[in-house]
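Here are a few notes to go with the coordinates. Have the viewer open while you read.

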Amino acid sequence: MPGHDIIAIGGSAGAVNAMQEIAAGLAADLPAAVLVVVHVAPTARSVLPQLLSRRGPLPAAHAVDGEIIAPGRIYVAPPNYHLVVQDGDVRLTRGPRENRVRPSVDALFRSAARAYGPRVVGVVLTGGLDDGSVGLGAVKRLGGIGVVQDPADSAYPEMPENALASADVDYCVPLDQIAPLLDRLAREPAPTKGAEVPSEIDYE
């Protein structure tokens with residue numbers, strides 16, 4: 001049986017630092033792909049992949065449209081593109097903004113849940129507003145696992161608080177516990193079949 005081998009992580013304000021700590025704690029032999037959305041300005045130059053590669057053992061890069069998803073790699077959404085997944089590959093889209101942002105955490109979470117169901121772990125990190133809350137609910141509805149950074153441990157607690165209020169979260173933990181938790185979940189068998197995909201769970 002596959003493990004929870006699709007790890008989708010989203011955050012906003014404060015999440016660059018949070019993601020660096022998570023990357024530093026992940027194992028070099030992590031049997032999962034890590035997909036990351038951090039809100040950035042559409043015209044900004046994102047150096048997050050370089051920062052993550054420098055801090056941890058896993059190679060990180062901006063996702064390329066159509067590339068195959070492989071374990072042991074970190075795929076980062078480039079500025080002004082939604083990062084979504086299909087069965088086996090990643091796609092970049094310029095669909096409408098969600099929650100006033102592109103890339104959107106909700107778009108990543110929904111697409112991962114739709115494609116991989118119980119194999120998905122959705123993680124909401126520090127940030128403002130509520131992007132990720134609806135998507136984390138989709139992850140849970142389709143059998144995946146929901147993880148939220150403890151709001152008391154977050155630089156900006158609003159995103160974690162809203163996710164906790166919106167979804168039946170499995171784990172609410174401080175930042176320093178997220179990487180060990182993800183490593184354990186990636187190595188635990190996941191159910192091969194989840195719930196039927198509701199029509200309202202869709203993406204660009």
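A salt bridge here means a side-chain nitrogen of Lys or Arg within 4 Å of a carboxyl oxygen of Asp or Glu. Keep in mind that the model is predicted.

1. With that cut-off, the structure has eight salt bridges. Asp29, Asp183 and Arg187 are joined in a network of them. Within it, Asp183 and Arg187 bring their closest N and O atoms to 3.0 Å. These two sit four residues apart in helix α6, so about one helical turn separates them. Asp183 counts as buried at 19% relative accessibility, while Arg187 is partly exposed at 40%.

2. Next, look at Arg119 and Asp5, another salt bridge, with the closest N and O atoms 2.8 Å apart. Asp5 is buried, at 16% relative accessible area; Arg119 is partly exposed, at 23%.

3. Lys140 and Asp170 also form a salt bridge, again with 2.8 Å between the closest N and O atoms. Lys140 belongs to helix α4 and Asp170 to the loop between α5 and β9, so the contact ties together parts 30 residues apart in sequence.

4. Now the sheet: seven strands, open, parallel, ordered β3-β4-β2-β1-β7-β8-β9. β3 and β9 are the edge strands, each pairing on one side only. On average, neighbouring strands are turned by 20 degrees against each other, direction ignored.

5. Helix α3 lies across β1, β2 and β7, at about 165 degrees to β1. Helix α6 packs on the sheet too, touching β1, β7, β8 and β9.

Key: Residues are numbered from 1 along each chain as its sequence is written. This is a predicted model: local features need pLDDT of at least 70, side-chain atom pairs count only at pLDDT 80 or more; totals for chains, interfaces and linings use all residues. Side-chain values use heavy atoms; hydrogens and water are left out. Two strands pair if DSSP finds at least two bridges between them. Axes are lines fitted to C-alpha atoms, for helices over the stretch in contact, and angles run from 0 to 180 degrees between N-to-C directions. Contact means heavy atoms within 4.5 Å. Buried means under 20% relative accessible area, exposed over 50%, partly exposed in between (1.4 Å probe, protein chains only).
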